[in-house]
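Trainee: I would like to learn how to read the features of a model like this one. Please take them one at a time, general idea before the case.

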Amino acid sequence: MDHITSALDLVRKQPPERPVALVRRRPVTTAAHWFQQNFKGDVFYAVKANPSPWVLETLWAAGVRSFDVASLNEVELVRSTLPTARLAFMHPVKSRVSIAQAYFDFGVRTFSLDTHEELRKILDATGGARDLNLIVRLATSGEGSNLPLTNKFGVQAHDAPSLLMAARQATQDLMGVSFHVGSQCMRPTAYAAAMAAASRALVRAGVFADVVDVGGGFPSVYPGMVPPALSEYMDVINRAFDEMKVHEETQLWAEPGRALVAESTSVLTKVELRKGDALYLNDGSYGNLFDATHAKWPFPVRLHRQDEAETDTLKPFRFYGPTCDSIDSMPGPFWLPDDVNEGDYVEIGMLGAYGVTMGTRFNGYGETDTVFLDDAPMASLFGLGPRSVNYPRPFDAVEENKVVRLNRPKGGKRGKKRVKAKA
Ligand SMILES: *Cc1c(COP(=O)(O)O)cnc(C)c1O
């Protein structure tokens with residue numbers, strides 16, 4: 001195979017029939033270095049964001065030694081790829097078999113929990129082990145997050161003290177608190193609020209935490225979602241940690257997923273048909289574009305075609321995926337040259353987190369090839385590309401029109417307010 005240097009190079013030399021994940025190691029390395037230099041604690045990579053072996057290996061090479069896993073399969077995957085990695089099993093609900101195998105066969109010592117029942121289960125399944133690190137997951141408000149994770153996990157404030165006390169008594173090793181402010185968290189202060197709540201719960205329980213795990217949620221950059229600088233998140237967390245009632249040796253942990261891998265991967269898709277402003281692609285919500293459908297995220301796009309001719313006039317398009325399910329549609333808007341047509345290729349950016357990992361084989365589609373590139377990501381919070389995604393007009397204007405049109409109740413006042421709150 002020729003050495004491929006860019007999406008366009010691939011389209012010209014070997015126009016692909018199937019979707020291709022264009023993966024770049026450099027953004028992962030750079031993000032990993034950034035977090036290790038700027039986060040004043042231990043960085044656990046949340047494996048579910050992208051479990052590809054090349055990601056795990058690249059992170060390891062960049063110095064990341066700790067991994068947040070959520071299933072026995074993830075435990076096995078990381079162990080087989082990185083035999084000496086430190087694993088933390090941070091799913092608050094685990095099967096007894098998973099706990100036992102993680103503990104006895106894979107050396108996992110760190111487990112999270114959010115109920116007394118799960119604590120009992122962990123102690124039973126490990127034969128009453130005393131060398132556990134028990135991390136109590138606290139509920140958060142989810143404010144400021146684009147994908148809140150508030151309802152499913154986390155012990156509520158009024159039940160937290162008794163669970164913290166029970167966890168403290170159950171181990172001679174580390175007892176800690178964790179939370180998840182919600183993925184793609186746009187407000188650094190969400191971390192401070194969660195840390196202050198954790199501190200209050202610990203004070204009420206009358207116990208000290210050995211670990212304060214601020215979880216994931218660190219953002220990447222997408223059209224309409226340009227977050228504050230990541231250094232602001234670090235400043236807020238450092239200040240909040242100083243204000244917590246913890247002891248001198250209390251460790252600070254974080255579990256970034258998205259922020260470490262989002263920039264790394266784009267997906268090259270082929271236009272199979274154009275119908276007006278709708279493009280039918282060979283990839284969709286059952287493939288690598290889950291969030292384009294289910295969170296209606298308008299990922300950044302670029303057109304590639306074999307000949308030079310290209311118009312400058314951009315127009316908003318929506319996409320359909322290849323399966324027969326009508327859910328398999330993506331509203332965008334995706335801005336592309338107005339003469340885009342069958343046989344053209346669309347590169348969709350920022351799919352390294354929760355993009356390429358989400359694929360299914362539904363309807364016989366979903367197989368994706370992988371090509372390694374070393375060009376710049378479409379956008380970067382780490383200085384590897386533009387800090388915001390190029391968009392023909394301010395994205396918020398587009399989004400605002402859409403929200404107003406869809407959500408404004410009769411009379412319109414409340415609808416306007418909602419738009420403001422969003423922007
Ligand atoms: C998903 C998840 C993460 C990673 O979240 P990001 O928003 O991708 O940073 C971290 N910790 C836990 C417990 C998770 O479930």
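Mentor: Start with accessibility: buried means under 20% relative accessible area, exposed over 50%, and partly exposed in between, with a 1.4 Å probe and protein chains only. This is a predicted model, in which local features need pLDDT of at least 70 and side-chain atom pairs count only at pLDDT 80 or more, while totals for chains, interfaces and linings use all residues. Residues are numbered from 1 along each chain as its sequence is written, and side-chain values use heavy atoms, with hydrogens and water left out.

Trainee: Is Cys324 buried or exposed?

Mentor: Cys324 counts as exposed because its relative accessibility is 72%. UniProt, in an unreviewed entry, lists Cys324 under "active site"; such positions are given in the numbering used here, feature names are shortened, and annotations may be inferred rather than shown by experiment. Helices (H or I, at least four residues) and strands (E, at least two) are DSSP runs, numbered from the N terminus. In those terms, Cys324 sits in the loop between strand S15 (314-320) and strand S16 (329-337).

Trainee: How many helices and strands does the protein have, and what percentage of its residues count as buried?

Mentor: There are 13 helices and 18 strands. Of the 423 residues, 53% count as buried.

Trainee: Which strands close into a barrel?

Mentor: Pairing comes first: two strands pair if DSSP finds at least two bridges between them. Here eight strands close into a barrel with parallel pairing, in the order S2-S3-S4-S5-S6-S8-S10-S11. The twist from one strand to the next averages 25 degrees.

Trainee: Which residues touch the most other members of the largest nonpolar core?

Mentor: A nonpolar core is a set of buried Ala, Val, Leu, Ile, Met, Phe, Trp, Tyr and Cys residues joined through side-chain atoms within 4.5 Å. The largest one has 110 residues, and Phe35, Tyr45, Phe67, Val214, Phe218 and Phe319 touch the most other members. Helix H8 (residues 189-205) gives the largest share, eight residues. Domain bounds come from an automatic or database domain assignment. Domain 1 (2-21 + 263-398) and domain 2 (40-255) both contribute residues, so this core lies between them. Another core, of ten residues, lies apart from it and includes Ile4, Ala7, Val20 and Leu373.

Trainee: What does helix H7 pack against?

Mentor: An α-helix has 3.6 residues a turn, so residues three or four places apart point the same way. In H7 (residues 160-170), the buried residues are Ala160, Pro161, Leu163, Leu164, Ala167 and Ala170. They pack against S5, helix H6 (116-125), strand S6 (133-137), strand S8 (175-178) and H8. Contact means heavy atoms within 4.5 Å. Arg204, found in H8, is in contact with Ala157 and Pro161, leaving aside neighbours within four places in sequence.

Trainee: Where is the peptide bond that is cis?

Mentor: Look at omega: the bond from Gly332 to Pro333 is cis, with omega near 5 degrees. Pro333 belongs to strand S16.

Trainee: And which residue other than glycine has a positive phi, near 60 degrees?

Mentor: That is Met350, in the loop between strand S17 (345-348) and strand S18 (369-373). Met350 counts as buried because its relative accessibility is 1%. In the loop between S17 and S18 lies Asn363, with phi near 70 degrees. At 37% relative accessibility, Asn363 counts as partly exposed.

Definitions and conventions: Axes are lines fitted to C-alpha atoms, for helices over the stretch in contact, and angles run from 0 to 180 degrees between N-to-C directions.
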